Amino acid sequence: MSAGTVAGGPASIAAPPRRRGRGLLRRHSAMPVVLAAALLGTYLWVRSSPLDDIERRSLNADTLLRLLGRHLELTAVTAVVVVVLAVGAGILLTRPALRWLAPAATSLANIGQATPAIGLLVLLSIWLGIGFTTAVIGLIAYAVLPVLQNTIVGINQVDRSLVQAGKGIGMTPLAVLVRVELPLAVPVILAGIRTALVLAVGVATLAAFIDVGGLGELIVTGIKLQRTSVLVTGAVLTAALALVLDWLGGVVSDLLQPRGLD
Amino acid sequence: MTDDVMISLENVSKTYRGQKAPAVENVSMTIHRGEIVVLVGPSGCGKTTTMKMINRLIEPSGGRILVDGEDVTALDGTQLRRRIGYVIQQGGLFPHMSVATNIGLVPKMLGWKRGRIEERVDELLHLVGLEPGQYRDRLPRQLSGGQQQRVGVARALAADPPVMLMDEPFGATDPLTRDRLQNEFLRLQEKLQKTIVFVTHDFDEAIKMGTRIAVLGERSRIRQFDTPEQLLAAPADETVGQFIGAGAALKRLNLRRIDSVECGDAELMGVEESPTAVLRRLDSCDADAVLTVDGQRRPLRWVGVRDLGPDQADLRGIGLPVTVVESRATLHDALDQMLTSNCGSVVVVDDDGRYCGVVNIECLMRAISEMREAARERDRGVIEASPGTPAQAVRGRR
């Protein structure tokens, strides 16, 4: 489980901004290079092989951009809803009044993740009908756990004596949450969001099965019609998208790393 | 009730939910303005719980607590805590905020203007002995343990609260740093005259810091509440006696500060003087060595006849290094230094490190016999005056 792991290397905090920037560059420059090489390689390979009608219908800029756009749309909507829901719920579940509910809530979220994604999507579409909303609901159920769990763990790992100190000098409970608990929990929460994003990109390919589109369509087409180039393009693009988002997440979490922690 | 009382606990109890036995049972205690009351007792005796009920970090389940005449349970907890300074072990500084932000938290919550907060932060950093320009923008982890503790004290003092609660504030520092922090804090308290409730499990610290000490037993029951002198001279029962531990007589040395004993004097000479001047000086008095001082009268070294060579122009770098103690240190500190140093006497210096006098073993012996004499006189007085409850006798100190 990803809960409790803080992704990203330790940021050099005492360092002035410029050195911090250089550190970022050093730590995060490898991934874009690798991705660019993979994408270029795939492009050259597809370019050099003769394409038939079916392949040409899938592998053109317009279609690819449309599918990529759809995929991003699915992922983005899921991510926003998950962050709002799961971070909110995580905060509530760490308040003294509701703390006892936390185990029940995480096991509920666990069910969402433990169910096979394709089965969940099919069940949901029987119940709610085929469409974008159904796909998003399925994705949310799938991506909520890491964020919820990391929010709870992130807040609970904040040194209790600091929370007491905050209360002791007269901070309101809200001020303790906003000024002490959340800033110190940010790295762990962000790690959860990153995991959720990568999961969502992967699972969103299954949305093609309930006719919502996205990069999954390429994979489904490739499998059904036995067109390897289409299948590989879809798979490479999906993987690249997941890795780009993960990379962005790493950069953001380094930038948001609270000062004074290592 | 007189104006003199700052905090009073009346039959205060605390029973945690799901527990039959109360953690604190029927504690009553009055704390006067400007005194340091130390709650001391074995761990788990409820001393911290008792303290936290004063600022309602823990809600009392019975009894009344008055701070400056107001019942705290009638006040809003958050507002109440802004008016009471709170220091915990290691300072409890927020690691993601700069020193200045940490100190400015309470004033900011009280709605002070930014300029005023900045001024106050610098003033407080000066007060606790940290150069504002150097430390204002540092993060807590860039400070040593002792420095963090000082910032913690500064933060508690930020809005100038009349009452401070301190929960084992110097507990996590090494003995040397702790000693210095204690001395500094006592010096600060002389100026500030806050009413302080101080929790510790270290009896020696209690003796050093307390105006009065409450020795607590199970469920925070007060076994004895008295001045350190009385506590050491007349422990109320066997448990208190055990807690004081062996060597009560030696511990009494903690009660007198060096500035209260008569110091001897040394022959002072500037480092720039010539060896011949030293010989002349030593001939004219019965001292074995002279004490060299710098331009600011800060002591440097002991120089005796044997240290003088024929080819020296001045006294720089020769002789034995001196052992210094602050004038606020206790006789116990002085004795300790004396035993570890190699010349059997210590040089007393003021806050700026300037020479004040010399204390040797004879001075200490004189002070000890004075104390013994005084204790004997006082015991006679107490027994004649109130044979009933010497343990509850309240007497000012110093």
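Two residues are in contact if their C-beta atoms, placed from the backbone, lie within 7 Å. With that in mind, take a look at chain B of this predicted model. Among its contacts with a separation of 6 or more, 64% are made by residues 24 or more positions apart.

How many of the 398 residues of chain B count as buried? The answer is 40% of them.

## The build of chain B

If you trace the C-alpha atoms of chain B along the principal axes, they span about 80 × 60 × 35 Å.

## A sheet to find

Four strands of chain B form an open sheet, in the order β11-β12-β13-β14 and with mixed pairing. At its edges are β11 (268-270) and β14 (320-321) of chain B, each of which pairs on one side only. Strands of a sheet pair through backbone hydrogen bonds, either parallel or antiparallel.

Now zoom in on β12 (residues 289-293) and β13 (residues 299-304) of chain B: these strands run antiparallel and are joined by five bridges. Which residue of β13(B) is the bridge partner of V293(B)? That partner is P299(B).

## An annotated span in chain A

Over in chain A, an unreviewed UniProt entry places the feature "domain: ABC transmembrane type-1" at residues 68-249. In the model, residues 68-249 of chain A are 82% helix and 0% strand. The end C-alpha atoms of this span lie 19 Å apart.

Notes
Residues are numbered from 1 along each chain as its sequence is written. Chains are lettered from A and ligands numbered from 1 in the order in which they are written. This is a predicted model: local features need pLDDT of at least 70, side-chain atom pairs count only at pLDDT 80 or more; totals for chains, interfaces and linings use all residues. UniProt positions are given in the numbering used here, feature names are shortened, and annotations may be inferred rather than shown by experiment. Helices (H or I, at least four residues) and strands (E, at least two) are DSSP runs, numbered from the N terminus. Two strands pair if DSSP finds at least two bridges between them. A residue is buried if 20 or more other C-beta atoms lie within 10 Å of its own, exposed if 12 or fewer, and partly exposed in between; C-beta atoms are placed from the backbone.
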